[in-house]
Amino acid sequence: MLLIAFMPIMIILAAAIRMFLGHPVIFIQLRPGLKDKPFNLYKFRTMTDKRGSSGELLSDAERMTGFGRFLRSTSLDELPSLWNVIKGEMSVVGPRPLLMEYLPLYSPDQARRHDVKPGLTGWAQINGRNAITWDEKFSLDIWYIENWTLWLDIKIILMTIKKVMMRTDINAEGEVTMPKFTGNKT
C-alpha cells in the first residue's frame, strides 16, 4: 500500500533525478539480509559519477549534490526500498542493511543484526541515525532484536516520521553520511 501511495512522488523524483543527476535513476547495491543472504537494495541515486583525472570515482563529498543531500535528509532516497519490502528481503522496521564488505568485520554480537530482516528504519535510526558511533549503532540494533514487540515497531515508525520531518542526525560530523566501518577496536 505504501508503494502505491508514494508512486506519484516517486515518479516526480525519478524525473528530477534524471534531470539533475543523470542515469541511472535507481542505485542498486548488494547488501546482506537475513542470515547474511545477499540481496539487491534499491534506492534513488543521490550522487553524480564524477571521476578524477585518472578515472577513479571522486569522494562521496565531492559527488554529492544539493539535490542529493535533500533526498537523503528527507529519506526520499529510500522510497524504492519499499520494493525490497514487497519482495520479502526487508521489513519496514529492523537494522538498516549495511555493506557486504562489513560482514567479516563484525564481532559475533554485532553479527546478530542479521538474525532478523533488515529494515527501512530501525531503533538506531531514531536514536541517532548517522550521528552516532558504529558501536552505538550496533548496540541499538542488538537492543532492538532482544526487545522486539509489535508496539516497539509502531513506536519506531511514528518516531521515524518525526525524525524525517525534523531532518536531524543525517550524517556524522565531517562526513556525507557515516565514516566507513573498519572493524572492532578490541
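Phenylalanine 20 is exposed, because its relative accessible area is 51% and exposed means over 50%, against under 20% for buried and partly exposed in between (1.4 Å probe, protein chains only). This is a predicted model, in which local features need pLDDT of at least 70 and side-chain atom pairs count only at pLDDT 80 or more, while totals for chains, interfaces and linings use all residues. Residues are numbered from 1 along each chain as its sequence is written, and side-chain values use heavy atoms, with hydrogens and water left out.

**Aromatic rings**

- Rings of Phe, Tyr and Trp (its six-membered ring) pair if their centres lie within 6.5 Å, with planes under 30 degrees apart called stacked, over 60 edge-to-face and the rest tilted; by this rule there are nine aromatic pairs.
- Phenylalanine 20 and phenylalanine 67 form a tilted pair, with 5.3 Å from centre to centre and 50° between the planes.
- That pair links distant parts of the chain, since phenylalanine 20 belongs to helix α1 (residues 2-20) and phenylalanine 67, 47 residues apart from it, to helix α3 (residues 66-73); helices are DSSP runs of H or I with at least four residues, strands are runs of E with at least two, and both are numbered from the N terminus.
- Ring pairs also join Tyr102, Tyr106, Trp134, Phe138 and Phe181 into a cluster.
- Lysine 137 lies over the face of tryptophan 134, at 5.6 Å from the ring centre, where the rule asks for NZ of Lys or CZ of Arg within 6 Å of the ring centre and within 35 degrees of the ring normal.

- The buried residues of α6 are Trp134, Lys137, Phe138, Leu140, Asp141, Ile142, Tyr144 and Ile145, and their cover includes β3 (91-93), α5 (123-126) and α7, with contact taken as heavy atoms within 4.5 Å.
- Threonine 149 lies in the loop between α6 (134-146) and α7 (150-166), and it counts as partly exposed because its relative accessibility is 35%.
- A polar atom of the threonine 149 side chain lies 2.9 Å from the backbone nitrogen of leucine 152.

- Strands β1 (residues 26-32) and β2 (residues 38-44) run antiparallel and are joined by seven bridges, whereas DSSP need find at least two bridges for two strands to pair.
- Glutamine 29 has leucine 41 in β2 as its bridge partner.
- Five residues lie between the two strands of this hairpin, and lysine 35 in the turn has a positive phi of about 55°.

Terms used:
Polar contact = N/O pair within 3.5 Å; in protein donor to acceptor, adjacent residues only side chain to side chain.
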